[in-house]
Amino acid sequence: MLSYEILIADDHPLFRSALQQALTLGLGPVVRLVEADSIAALEARLEEKADWDLVLLDLNMPGAHGFSGLVLLRGQYPQIPVVMISAQEDAAVVTRAREFGATGFIPKSSSLETLQQAVRAVLDGDEWWPPQIQETVSVSAEAKAASAGLASLTPQQFRVLSMVCDGLLNKQIAYELSVSEATVKAHVTAIFRKLGVRTRTQAALLLQQLESLPA
C-alpha cells in the first residue's frame, strides 16, 4: 500500500496535535507523521532522513527569521515539497512564500476539509494556494538576492548566522554549538563571503529581507 511520510514543523503543541488528527483522519493508516518544534529540531530530522514526502512548515518557528527556514530547506533539500502554514494570511505573505519556493500555503484558519484537500493535492504532485488570494505582490530584487545567498549556506552556517543576528559573540556561539572559537570565525568568514557582506550589521539587514512582511 502506498504510504506517505510527513514532517510537521510547528512550535505550538496544540496545533501540531490538530494537524496530526486532521491528517490521520484524512489520509488514514497510510501516513506516518513526525513532529519538530524548532528549526534546530527540523534540521535534526532532515539529517536523519532526507526523503520526506512533505514538510508542513510554520512561518514563525523558533530559530527562523521570517522565510529563512523555507529558504534554507529549499537550498539544502530541494527535492522535498514544503507547504507553509501560518496565521498570517496577507496576500503579501502568501506571495512571498511562493516566491521563496514553497509548494503551497495553508492558512491556520482553514477548515479540516481544506487542510486535508491541500495536503492531498501536494502529495499528488500539485501545488495548493488559498483560492481567495488574488492580489499580486512582487518580491524585491534585494529579497531574491538574500534568498539566493541564504540557500547556499550549510545548516551549520545557518545556525551561526542566526546567532550572529541575535547578537551573540563568537565566544558565545562556540559555547552554544560546542565548537572552537576558531571554527566559528571560519564559519562567519564563509557566511559573509557567500552573502556578499562585510559586517554583522549587514548580515542582519540582509536577513531582514526575508521577514514575512516587507518593511
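This is a predicted model: local features need pLDDT of at least 70, side-chain atom pairs count only at pLDDT 80 or more; totals for chains, interfaces and linings use all residues.
Trainee: Which residues does the annotation "domain: HTH luxR-type" cover?

Mentor: An annotation is taken from a record, and here the unreviewed UniProt entry places "domain: HTH luxR-type" on residues 146–211. In the model, that span is 74% helix and 0% strand, and its end C-alpha atoms lie 11 Å apart.

Trainee: How do I read the crossing of helix H8 and helix H9, and at what angle do their axes cross?

Mentor: Angles from 65 to 115 degrees count as roughly perpendicular. The axes of H8 (residues 170–177) and H9 (residues 181–195) cross at roughly 110° and come within 8 Å, and the two helices are therefore roughly perpendicular to each other. On the H8 side the contact is made by Asn170, Lys171, Ile173 and Ala174, while H9 contributes Glu181, Val184, Lys185 and Val188. Sorted by class, this contact has four nonpolar, one polar and three charged residues.

Trainee: How do helix H1 and helix H5 pack, and at what angle?

Mentor: H1 (residues 13–27) and H5 (residues 112–123) pack at an angle of about 65°, with their axes 10 Å apart, so this pair is roughly perpendicular.

Trainee: Is the crossing of H1 and H5 left-handed or right-handed, and which residues make the contact?

Mentor: The crossing is right-handed. From H1, the contact involves Leu19, Ala22, Leu23, Leu25, Gly26 and Leu27, and these meet Leu112, Leu115, Gln116, Val119, Arg120 and Leu123 of H5. By class, that contact has nine nonpolar, two polar and one charged residues.

Methods:
Residues are numbered from 1 along each chain as its sequence is written. Side-chain values use heavy atoms; hydrogens and water are left out. UniProt positions are given in the numbering used here, feature names are shortened, and annotations may be inferred rather than shown by experiment. Helices (H or I, at least four residues) and strands (E, at least two) are DSSP runs, numbered from the N terminus. Axes are lines fitted to C-alpha atoms, for helices over the stretch in contact, and angles run from 0 to 180 degrees between N-to-C directions. Angles under 35 degrees count as roughly parallel, over 145 as roughly antiparallel, 65 to 115 as roughly perpendicular and the rest as oblique. Contact means heavy atoms within 4.5 Å. Ala, Val, Leu, Ile, Met, Phe, Trp, Tyr, Cys and Pro count as nonpolar, Asp, Glu, Lys and Arg as charged, and the others, Gly among them, as polar. A crossing is left-handed if the near helix is turned anticlockwise from the far one by less than a right angle, and right-handed if clockwise.
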